[in-house]
Amino acid sequence: MTARSMIDRMGTLIGLILVAIVFGLLIGSQFFAPGNIELMARQAAIVCMAALGMTVVIATGGIDLSVGSMIALATVAIALMLRADYPPAAAALGGVAAAAICGLVNGIVITQLRVVPFIVTLGTMLVVRGAAKGLAEERRIEAPTSWLNDLLRSQSSAVLPGGIWAVIVLALIVAAVLRYTRFGRHVFAIGSNERMARLCGVAIGRTKILVYTLSAALAGMAGLLQFSKLSVGDPTVAIGLELDVIAAVIIGGGSLTGGRGTVLGTIIGAAIMTIIQIGCSQKGLPNWVQQIVTGGIIVVAVALDRVRSTRDVTPS
C-alpha cells in the first residue's frame with residue numbers, strides 16, 4: 001500500500017468519524033446508543049449490498065443507473081412468488097435471478113452494441129421500473145409472512161440480524177475476488193486502460209458482461225433486504241437509491257474514470273451517507289433539507305474524485 005493510498009483511505013475513515021461526532025453533538029448521547037447504531041446498520045445494509053456490485057462496475061470505468069429499479073423488481077418478484085405458494089428460499093432466488101437477468105441484458109447491450117453504460121442503464125432504469133409496475137399492476141403486493149421478513153430484524157439468539165451477516169460475508173467475498181483472482185485483476189485493468197487490457201489478452205466483453213450480471217445479482221440481494229424491511233413487494237421503492245449507491249462508492253475512494261475502488265472504502269462511504277440521512281431525520285430536519293445535504297455530498301464526492309484523478313495523471 002502506498003502512502004498516498006493510505007492517506008486516501010484514512011481520509012474517508014476520518015470523514016466518517018467527524019460526521020458521527022457532529023451528529024452526536026447535535027442529537028446527544030442517544031445517537032450512539034446500541035439500538036440507534038443497529039438501526040443505522042440495518043438502514044446501511046441495503047445501500048451496502050447494492051454498492052458492493054457498483055464498486056466492481058465503477059472499477060471497470062462503467063456505471064449502473066438501474067440498480068434502484070432492480071431492487072424494486074426484486075421485491076415484486078419475491079412477493080408474487082410467495083403469494084403463489086413458492087417456498088421462501090425459492091422466492092428469494094427468484095428475486096435475485098430477476099435482477100441478475102436485467103444485469104445480463106445490460107452487459108450484453110453495452111458490449112455488443114458498444115453503447116456507453118450511462119445511456120444503456122438510464123434506459124433500463126425506466127424499462128425495469130416499468131416492468132416492476134406492470135407485474136405489480138401499479139400497487140403494493142402483500143405476501144404471506146415467512147422467515148424472509150426477519151432478515152433485518154434483531155433475533156435474541158444472534159448478535160446481528162441475518163441480513164447484516166449476509167452483507168458482511170458477501171463483502172469479504174467480493175473483496176477477496178477483487179484482490180486475489182484473475183477476474184479482479186482484469187476488472188482493474190479494464191478500468192485503468194481498456195485498450196491496453198485488450199492488447200494483453202483480457203476478454204473485455206466477457207468480463208464486462210460478468211461484472212454487470214454480478215452487480216445486478218447483488219442489487220437483487222439488496223431487493224431481498226428491502227422486501228424484508230417492508231414485508232411487501234413495492235414497485236415504487238428505491239427511487240433515487242442508485243445515487244446513494246454511487247455516492248457511497250465515490251466517497252469510499254472509487255473513481256468514475258475507473259481503475260480504483262475498494263470494498264472497505266465503499267462500506268465506509270455507505271456508513272457516512274446513512275449517518276447523515278438518519279442524523280438529519282432524528283434532528284427533525286425537513287425532507288427537503290436532507291435532499292439538499294445528500295445532493296451536496298454527491299457533488300463534493302464527484303469533485304474530490306476529479307481532484308484525485310487530476311492528481312494521479314499529473315507528473316510529480
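Helix α7 is covered by several other helices in this predicted model. What covers its buried residues includes α2 (34–59), α6 (162–180), α8 (194–199) and α9 (204–230).

Which residues of α7 are buried? In this helix, residues 182–192, they are Phe183, Gly184, Val187, Ile190 and Gly191. Seen down the axis of α7, these buried residues fall within an arc of 125°, so they line one face of the helix. An α-helix has 3.6 residues a turn, so residues three or four places apart point the same way. On the other side of α7, Arg182 and Ser192 are exposed.

Now to the surface. Met10, Leu13, Ile14, Ile17, Leu18, Ile21 and Leu25 form a nonpolar patch there. Together they have about 660 Å² of accessible area. Leu25 sits in helix α1, residues 3–27. Its relative accessibility is 72%, and exposed means over 50%, so Leu25 counts as exposed.

Next, the whole protein. It has 12 helices and two strands. From the N terminus on, the elements run α-α-α-α-α-β-α-α-α-α-β-α-α-α. The radius of gyration is 19 Å, close to the 20 Å that the globule rule gives for 316 residues, so the protein is as compact as a globular protein of that length.

Some overall values follow.

| Property of the protein | Value |
|---|---|
| Span of the C-alpha trace along its principal axes | about 60 × 50 × 40 Å |
| Buried share of the 316 residues | 50% |

Technical notes: Residues numbered from 1 in each chain as written. Predicted model: local features only at pLDDT ≥ 70, side-chain atom pairs only at ≥ 80, totals over all residues. Heavy atoms only, no water. Buried < 20%, exposed > 50% of the residue type's maximum accessible area, 1.4 Å probe, protein only. Helix = DSSP H or I, 4+ residues; strand = E, 2+ residues; numbered from the N terminus. Arc of directions from axis to C-beta. Contact = heavy atoms within 4.5 Å. Patch = residues over 30% accessible without salt bridge, like charges linked within 9 Å, V, L, I, M, F, W, Y side chains within 5 Å. Areas by Shrake-Rupley, 256 points an atom, 1.4 Å probe, with all protein chains shown as cover. Salt bridge = Lys/Arg side-chain N within 4 Å of Asp/Glu carboxyl O. Rg over C-alpha atoms; globule rule 2.2 N^0.38 Å.
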